[in-house]
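Hi everyone, thanks for coming. Let me put today's structure on the screen, and then we'll walk through it together.

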Amino acid sequence: MRQATQATVPPDRAVLGREVGLVLALSLGASGVSALISFLGALTATRPLARQTTQLITDQAPGRPWLGLAWQLFSIVTALVPVALVAHLMARGGESLRGTLGFSLRCPGRDLARGAVVAAVIGGAGLGLYLFSRSMGLNLTVVPSNLAGVWWRVPVLVAAAAQNAVLEETVVLGYLTHRLGGLGWSPWRATAASSLLRGSYHLYQGVGGFAGNVIMGVIFCRLYRRWGRVMPLVVAHTLIDVVAFVGAVFLAGHVSWLPAH
């Protein structure tokens, strides 16, 4: 007996809209709300913003290195679950991170070269904006990590940098702009939404962190549309964060804008 087949019906706009909302609510959209609350708390504190600090990666078990490592690995892996969710949702519609968004190792040399150039430009400009914002009292002092005296510090910082890049560029850059296009949004409107979201979950750093990441988001969206691949931007973001995280290991306590604690 021949089994009946059911035609695949593309999801309508309402379904896609709910999908986007749920993905963001479970990932960086929620991070944006959390960052806003954190910023409001810092803004209403008795000390000025520039005299407050925010730590990006903290030791969850001081004095217990193996337990601390377990917590770091757990945090990195679970942070990537939204990427797996996006991959699953796209696959159900016949799409993929690899083919649709260009998240693949198909062009390693070109992706690395492009990513390195973008990282050098964005990273240098971002550092300048951070220092300016902090000097103007608009930004907290950002301490990339308080990991000290543990043998796994550098590998974990590199892994955390890669995790940030994969999560943000696949979800906020590739997936979100792709889905918003499917919902009928214009390229510039989708760029604005993606960039403002990127800035929102960096608000915990202050006004400079928000503004710098909005600008970064606009540039990344333009490059993504031009290249048709998210991978060079994943490389760029990874390099920026590796330099920031690992560089802080050697600079902390030696420069005035990066305290040792």
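Let me start with charges: Lys and Arg count as positive and Asp and Glu as negative, with His and the chain ends not counted, and each charge is placed at NZ of Lys, CZ of Arg, CG of Asp or CD of Glu. By that count, the mean positions of the 20 positive and 8 negative charges of the protein lie 4 Å apart.

A word on the source: this is a predicted model, where local features need pLDDT of at least 70, side-chain atom pairs count only at pLDDT 80 or more, and totals for chains, interfaces and linings use all residues. Residues are numbered from 1 along each chain as its sequence is written, and side-chain values use heavy atoms, leaving out hydrogens and water.

Now the fold. The protein has 10 helices and two strands, taken as DSSP runs (helices H or I, at least four residues; strands E, at least two) and numbered from the N terminus. Their order is α-α-β-α-α-α-α-β-α-α-α-α. The C-alpha trace spans about 75 × 40 × 35 Å along its principal axes.

How much of the protein is buried, meaning under 20% relative accessible area with a 1.4 Å probe, protein chains only? Of its 261 residues, 42% are.

Finally, have a look at α9, residues 207-227. Its buried residues include G208, G209, N213, V214 and M216. Just after α9, G228 has a positive phi of about 70 degrees.

Notes
Buried < 20%, exposed > 50% of the residue type's maximum accessible area, 1.4 Å probe, protein only. Expected span 1.5 Å × (residues − 1).
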